[in-house]
Amino acid sequence: MSKQVTRREFLNLLSAAGGTAAALKAGSALGLLPHTAQAASMDLLAAGAANRKVAILGAGISGLTVAYELSKVGYECTILESSHRPGGRIFTVRHGDLIDEIGNRHYCEFDDEPHMYFNAGAARIPSTHRNLLAYCKELNIDLEIFINENKTSYVQDPALLGGKPIRNIDYTTHSRGFLAELLAKSLNAGEMDQPFTDQEAETLMGMVRSFGSLDEDDLYKGSFRAGYAAGGFLEHGVQKDIIAFRDLLQTQMGRQLLSANEGDTGPILLQAVGGMDKITEGFTKHVGHQIRYRSMVNSVEVKEDGVDISYDQDGSRHLLQADFCFNCIPSHLMTGISNNFPSQYVDALKYIRRGNAYKAAFQAKERFWEKDDIYGGISWMNNPSNQIWYPSSGIHKEKGILLAAYDFGDGSFHTAMTHEERIEAHLSDGEKIHPNYRNQVEKPITVAWHRMNHMLGCSARWQRNPSGWTHEEEELYRALQQPVNGRHYMIGDQVSMHSAWQESAVMSAQWAMTDMDRRLRA
Amino acid sequence: MLKSFLAFSLCITCMGGVYAAETEREPFDDRYCTTCHGADGRGNEGVQAPRLAGMEPWYLRRQLENFRADRRGVHPQDREGIAMRPMATKLSDESIDDIIDWVGSWEYVPAEATIEGGDPARGRGLYGGCAVCHGDSAQGNESLGAPALAGQNDWYLVTQLKNFMAGYRGAHPDDTYGAQMRTMVNTLRNEAGIINVVSYINTLSR
Ligand SMILES: Cc1cc2nc3c(=O)[nH]c(=O)nc-3n(C[C@H](O)[C@H](O)[C@H](O)COP(=O)(O)OP(=O)(O)OC[C@H]3O[C@@H](n4cnc5c(N)ncnc54)[C@H](O)[C@@H]3O)c2cc1C
């Protein structure tokens, strides 16, 4: 435990030579950072007399993007969609909506009010997803802030303090305090002089103290950052008790808590006002008339000069002939659809695994969390339901919709249950945080993406190995990105290296259109 | 203040009511087989759902009923069966009839061979025991309750034979045909035997 940080470790850090990250130096990489670039704006050639018929398979956001952009420049687009609704994995559930999970079809009985919706698929838009945001702007979609991190929400784990829920702020303040105290000790241990200049050492110590709210002796003795046990406004604030470091170490949840608000889910996140499918609606206002619903693609045949698609609608088979085809049907469903794709393309489709996500929601009879100082954000539980999301919208209204469970990694636990079993599981998980939960919620919906009709998955999984893409995987990915005969493009977030984001779906569509355009210009 | 709030919320409720009455609920039926089992029920390796086109109506009925009654797809290791069972749980007798009619309308197209590394010559020897019920050309035999095997997706046959061997399928006391299969499958001895026999079945046509 008393092992000190060695001088060598410090030196490595300072030169960034010890890690894999290349050090950023002013004047080199820094000057090249492309982060001021705008969203790609499509500059497509107007459609000519020939080559103007476009078939789009699937009304996911990538398919809608293609329809919207190509229609602007004069292409004649037809969208075949097997489901009764557009949007695919952008799925906002409201009063009366059908949740078409095979084996668990049910209707949503939420109250019929604008803020009473649930985003069962996509829910968050990172502010850096600029291509998606550019469409939101162009299509006049109202956005608002999505609250992901809430320091007042709870952390609950049977291993932590006997399962008593604690506020996120208690967990994070105390953890940071203890981590900072450890770091300060090792920094003060006399190793500092050589690798750091005095000024650097002072800066570093300042960061550490402020990170952990240390006192003048570099010790953590609690902090008002965790809020007050009493007073604090008209009276002196009383500091809350510290939770012992050893107690905090009984839960593994720190890993999740300290990374949940970084990367794609770091602030600022946005959402569409009234539900994520307002984005879909923005597109369908322009191209909705091109969609043929309940039209299930049955075969795709790429020809020398076009693509023939057969599909079933209203109990009969139809043929659609097009010059180009853009296809966002999930890869694991496409493998069951007759096609004449080249073998490497088929291999790529077969290689991709499908993710297994699960979400559930309750209508709350009253916004009980607001009485508990919680406005939006997530409570984390170490149980299969895992998360409770408090709505970012509808603040101070009478009722609201709560996310009752979310498992993006492996939703098979709840997927395997009946609807009733799932609901009971979420009630008993949730009441560990909110004791009266069971009486406060009603009208549940459950959505197992692995069983959603026409989807059977939540997102493409290319990587088999967490350590990175293999050469073979990358080759298959590149093969799938290329068109067949210059006529048929697979699109969607499945044809990206960053699946499970709308941005990736949009960008794959833009990539495919640009490629088609380039070939036509050549 | 309170009064106006009440009036406001009343008005919302009545608007909601009217709206709800006017909106029709999205209808659905039980013809969802092709989502998993692929175009015209020809099977989909991507989700490990076997070919239904060409499947005998009596065999299809028996399996749907087995799934519905929790006689198949309950063992936690039977991954594909577990995926299928809930799809069948809520089917009515009429829906099962309708599905069987629908499946009967699909053209039978033998599945392509995908498994590698098997020895069909050895498989042929092993197949002798299977032929008694499933027929010399694996064409099936209704009177013995044995379905056709030729033309079925080979990856599916492999999974099912493994499941029988491990007791993941056919272990339910009311699954009589499954129990027979569990005894018979032991003649294949091990996984290599399974691959060999399926390689041989791949050479047969109905
Ligand atoms: C639980 C969950 C949470 C998510 N969270 C976020 C988030 O917070 N932020 C974010 O940006 N993204 C999120 N995503 C990812 C995002 O929803 C997807 O990346 C995006 O919507 C995918 O769009 P797509 O165009 O690739 O196609 P999809 O949405 O997959 O659409 C495919 C379409 O093809 C149709 N189809 C299937 N078979 C056929 C057939 N035979 N014939 C015709 N049509 C067919 C389907 O019905 C569907 O409409 C989430 C996804 C899930 C499931």
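The shell around the ligand divides into 21 nonpolar, twelve polar and four charged residues, where Ala, Val, Leu, Ile, Met, Phe, Trp, Tyr, Cys and Pro count as nonpolar, Asp, Glu, Lys and Arg as charged, and the others, Gly among them, as polar. This is a predicted model, in which local features need pLDDT of at least 70 and side-chain atom pairs count only at pLDDT 80 or more, while totals for chains, interfaces and linings use all residues. Residues are numbered from 1 along each chain as its sequence is written, chains are lettered from A and ligands numbered from 1 in the order in which they are written, and side-chain values use heavy atoms, with hydrogens and water left out.

In total 37 residues surround the ligand, and the closest are Ser62(A), Glu81(A), Arg89(A), Arg124(A) and Gln502(A); a residue belongs here if one of its heavy atoms lies within 4 Å of the ligand. Among the polar contacts (pairs of N or O atoms within 3.5 Å), an N or O atom in the side chain of Ser62(A) is 2.6 Å from an oxygen atom of the ligand. Backbone N or O atoms also take part, that of Arg89(A) at 2.9 Å from a ligand oxygen atom and that of Ala123(A) at 3.1 Å from a ligand oxygen atom. Taken alone the ligand exposes 1,000 Å², of which the protein buries 98%, with areas from the Shrake-Rupley method and a 1.4 Å probe. Helix H3 (61-72), E15 and helix H16 (502-521) of chain A are the elements that give two or more residues to this shell; helices (H or I, at least four residues) and strands (E, at least two) are DSSP runs, numbered from the N terminus.

Strand E15 (residues 296-303) of chain A is joined by seven bridges to the antiparallel strand E16 (residues 306-313) of chain A, and E15(A) and E16(A) form a hairpin with two residues between them. E15(A) also pairs (at least two DSSP bridges) in the parallel sense with strand E19 (residues 338-339) of chain A, where Val300(A) stands opposite Asn339(A).

Elsewhere in chain A, three strands form an open antiparallel sheet in the order E7-E13-E8. Strands E7 (125-126) and E8 (143-146) of chain A stand at its edges with a single partner strand each, so one side of each is left without a neighbour in the sheet.

Chain B, by contrast, has nine helices and zero strands. Of its 206 residues, 44% count as buried, meaning under 20% relative accessible area with a 1.4 Å probe and protein chains only.

How values were computed: Buried < 20%, exposed > 50% of the residue type's maximum accessible area, 1.4 Å probe, protein only. Polar contact = N/O pair within 3.5 Å; in protein donor to acceptor, adjacent residues only side chain to side chain.
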